[in-house]
Protein chains: 2
Amino acid sequence: MSFPALQNDVFLRALMRQPVPYTPLWLMRQAGRYLPEYNQTRAQAGSFLGLAQNPEYACEVTLQPLRRFDLDAAILFSDILTIPHAMGLGLDFVAGEGPQFAHPVRTEQDVAKLQVPDMGKLQYVFDAVTLIRKELGGKVPLIGFAGSPFTVGCYMIEGRGSDDYRLIKTMLYSRPDLLHRILEVNAQATIQYLNAQIAAGAQAVMIFDSWGGVLADGAFQEFSLAYTRKVVEGLNRQSHGAAVPVIVFTKGGAAWLEDIADTGCDAVGLDWTANLSQARRRVADKVALQGNLDPMVLFGGEAAIRQQTRKVIDDFGPVGNGGHVFNLGHGISRFTPPEAVAILADEVHSYSRSKH
Amino acid sequence: MSFPALQNDVFLRALMRQPVPYTPLWLMRQAGRYLPEYNQTRAQAGSFLGLAQNPEYACEVTLQPLRRFDLDAAILFSDILTIPHAMGLGLDFVAGEGPQFAHPVRTEQDVAKLQVPDMGKLQYVFDAVTLIRKELGGKVPLIGFAGSPFTVGCYMIEGRGSDDYRLIKTMLYSRPDLLHRILEVNAQATIQYLNAQIAAGAQAVMIFDSWGGVLADGAFQEFSLAYTRKVVEGLNRQSHGAAVPVIVFTKGGAAWLEDIADTGCDAVGLDWTANLSQARRRVADKVALQGNLDPMVLFGGEAAIRQQTRKVIDDFGPVGNGGHVFNLGHGISRFTPPEAVAILADEVHSYSRSKH
């Protein structure tokens, strides 16, 4: 496989803490419901799964935000629940309620049956990666991703979103052996899945530990971080002649920043509760940091967007031997006015030049 | 007003970092739906508001957990939304959806109309405090409480629970002047409200900043903590010849622990993501700490409950010049088996004796 030469490597260089002329920017969920063209493609596809499982549609929506905004990376359009879906748990997206599994994993029998799925069932993801990489034409790098073993496990056990994580935590405290087995299967599946994305053309990968932050101190390290680390250690960090940096993002994980930075990843994503100046001191520039504007700032109007964007860049400070990738602290809201993103991109790129 | 002499002051002494024979225990939402007798009283009252607004019912449910379990404090049964209800926002509890306001505060006109309510409208709360204190007969101290100005403001502006706080954050970033005015009114109302609870017999007070943790670093200090501090500074810390300690709890606030400890409070409540050993080092024993077992541990069975309880006590370490009040990191779940609380109380009281 050969791909067009990369024209903008600012994102990849920042992740590896190499000199760059400005702070690169991309947004979690940048291909999404706040864009009218996304909603149009989704309507054509008929459903979220129809969109994610069709490489042409996935490619189209991945490219949409790049046509509108000056962003420094693309991210594969997909979902963190593709792996358990391939395991046979029966993923469905119920309107207004989010993802649900027809066959959640709750009993000893359920756990015993669980296996790393045949990656052939996820070929549509790898096909999308290759197609997007080709269609990008080297404009910006393509990010692949997966959920962390714990976060994916939350959905597998709860069967849907939860506000108290009672089922997975009950298993964690009463039958930790069962949960460890689920997480081990998830970790092995995630290693194969991300390595296949890398082989298909992903130029960086990100592990989303969206729910690790709901765990108690101690439990986080044992049931979330240990498996994220296993995934990081299992990844092919070189592909098609280039380094493939790895980003780990734990929402609500600022308390464990040093531990997360120690997984072997190249960069740590931070939500908006973290102070970037303190965070940078804590990781001593051993990893790059990604983040961390509150997505709700994009509702505040132009003056607030520019001011809060400058605050994030100022908090990080002169880049020196560090690395900073600008992002939101969480996915962009579906209610965001698209013009707010254009203002954000303008401010990040212009204001940050003085810090490099 | 005179009250029966206090027989168990372990909770109050721990809050003030004075020597105690064991670690005292109470649970956030200890009077609640996990107790069949609570559900029976609530059914008699007809509704949540009927329960909270009737001093006899409020007294009854406050005392219920103390009849079952060996707890070291009682907490007034009430709600953090009594103040905006008294402001005329029209509180209602919709089955399965939680609290809602008929008249949320969103426009410049809404904000201009907002005023500190006549405390006479909250007399039912103060009557409940006095009745409970008498009925307790000095068995354990009674805690009064209020929401933080920001947390109460979230509900006033959003009109109900929210998962993105879009409306209040839009106001915060686009019209900070309006939000500051709301928070100022809330702070003044909360000072009057808590001082009236103290005058009525509350022996300690707690400020629940349940949603401060959703704010960005910087915004938290300006829009939540500054007003919590104002409340703490306005409180009468002596009443009926005794000191009245103040606890501040910000869920998800571990990143700002030093700032919170600096508000002038006696104790800081912590959720389960914090490590008590690190937290104690950060506050250098200048305040007591309250917490921080994950409420979901109570679903893990006896062995896990005892083990995780010991972990919390061990993390705090030998008490020395510090102070530790055992609690959950958040309210007890309505699905908790009551017998789990009896196991917890037994383990806290027996295991902690070696640390004092």
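How many bridges join strand β8 of chain A to strand β9 of chain A, and in which direction do the two strands run? The legends below take up this pairing and other details of the predicted model.

**Figure 1. Pairing of strands β8 and β9 in chain A.** Strand β8 (residues 246-250) and strand β9 (residues 267-269) of chain A run parallel and are joined by three bridges. Within this pairing, Phe249(A) stands opposite Gly269(A) of β9(A). Helix α11 (residues 219-233) of chain A packs on the sheet, where it touches β5 (204-209) and β8 of chain A. The direction of this helix makes about 165° with that of β5(A).

**Figure 2. The open sheet of chain A.** Seven strands of chain A, with parallel pairing, form an open sheet in the order β1-β4-β5-β8-β9-β10-β11.

**Figure 3. Packing of helices α4 and α7 in chain A.** Helix α4 (residues 55-68) and helix α7 (residues 123-136) of chain A pack with their axes 9 Å apart and at an angle of about 45°. An angle under 35 degrees would count as roughly parallel and one of 65 to 115 as roughly perpendicular; α4(A) and α7(A) are therefore oblique to each other. The crossing of α4(A) past α7(A) is right-handed. From α4(A), the residues in contact are Pro55(A), Ala58(A), Cys59(A), Thr62(A) and Leu63(A). They meet Tyr124(A), Asp127(A), Ala128(A), Leu131(A), Ile132(A) and Glu135(A) of α7(A). By class, the residues of this contact comprise eight nonpolar, one polar and two charged.

**Figure 4. Packing of helices α14 and α15 in chain A.** The axes of α14(A) and helix α15 (residues 338-351) of chain A come within 9 Å and cross at roughly 40°. These two helices are therefore oblique to each other, and their crossing is right-handed. On the side of α14(A), the contact involves Glu302(A), Ile305(A), Arg306(A), Thr309(A), Arg310(A) and Ile313(A). Their counterparts in α15(A) are Ala340(A), Ile343(A), Leu344(A), Glu347(A), Val348(A) and Tyr351(A). Seven nonpolar, one polar and four charged residues make up the contact of α14(A) with α15(A).

**Figure 5. The contact between chain A and chain B.** Chain A contributes 29 residues to the contact, and chain B contributes 29 residues. On the side of chain A that touches chain B, the elements giving two or more residues are α9 (166-174) and α14 (302-316) of chain A. The most is given by α9(A), with five residues. This side of chain A has 12 nonpolar, 11 polar and six charged residues. The model scores ipTM 0.95 and pTM 0.96. The average pLDDT of chain A is 97, and 100% of its residues score at least 70.

**Figure 6. Backbone details in chains A and B.** In chain A, the peptide bond from Gly291(A) to Asn292(A) is cis, with omega near 0°. Asn292(A) belongs to strand β10 (residues 288-293) of chain A. In chain B, the peptide bond from Gly291(B) to Asn292(B) is cis, with omega near -5°, and Asn292(B) lies in strand β10 (residues 288-293) of chain B. Ala284(B) is not a glycine, yet has a positive phi of about 50°. Ala284(B) is located in the loop between α13 (276-283) and β10 of chain B.

Terms used:
Residues numbered from 1 in each chain as written. Chains lettered and ligands numbered in written order. Predicted model: local features only at pLDDT ≥ 70, side-chain atom pairs only at ≥ 80, totals over all residues. Contact = placed C-beta atoms within 7 Å. Helix = DSSP H or I, 4+ residues; strand = E, 2+ residues; numbered from the N terminus. Nonpolar A, V, L, I, M, F, W, Y, C, P; charged D, E, K, R; others polar. pLDDT = per-residue confidence, 0-100. Pairing = 2+ DSSP bridges. Axes fitted to C-alpha atoms, helices over the stretch in contact; angles between N-to-C directions. Parallel < 35°, antiparallel > 145°, perpendicular 65-115°, else oblique. Left-handed = near helix turned anticlockwise from the far one by under 90°.
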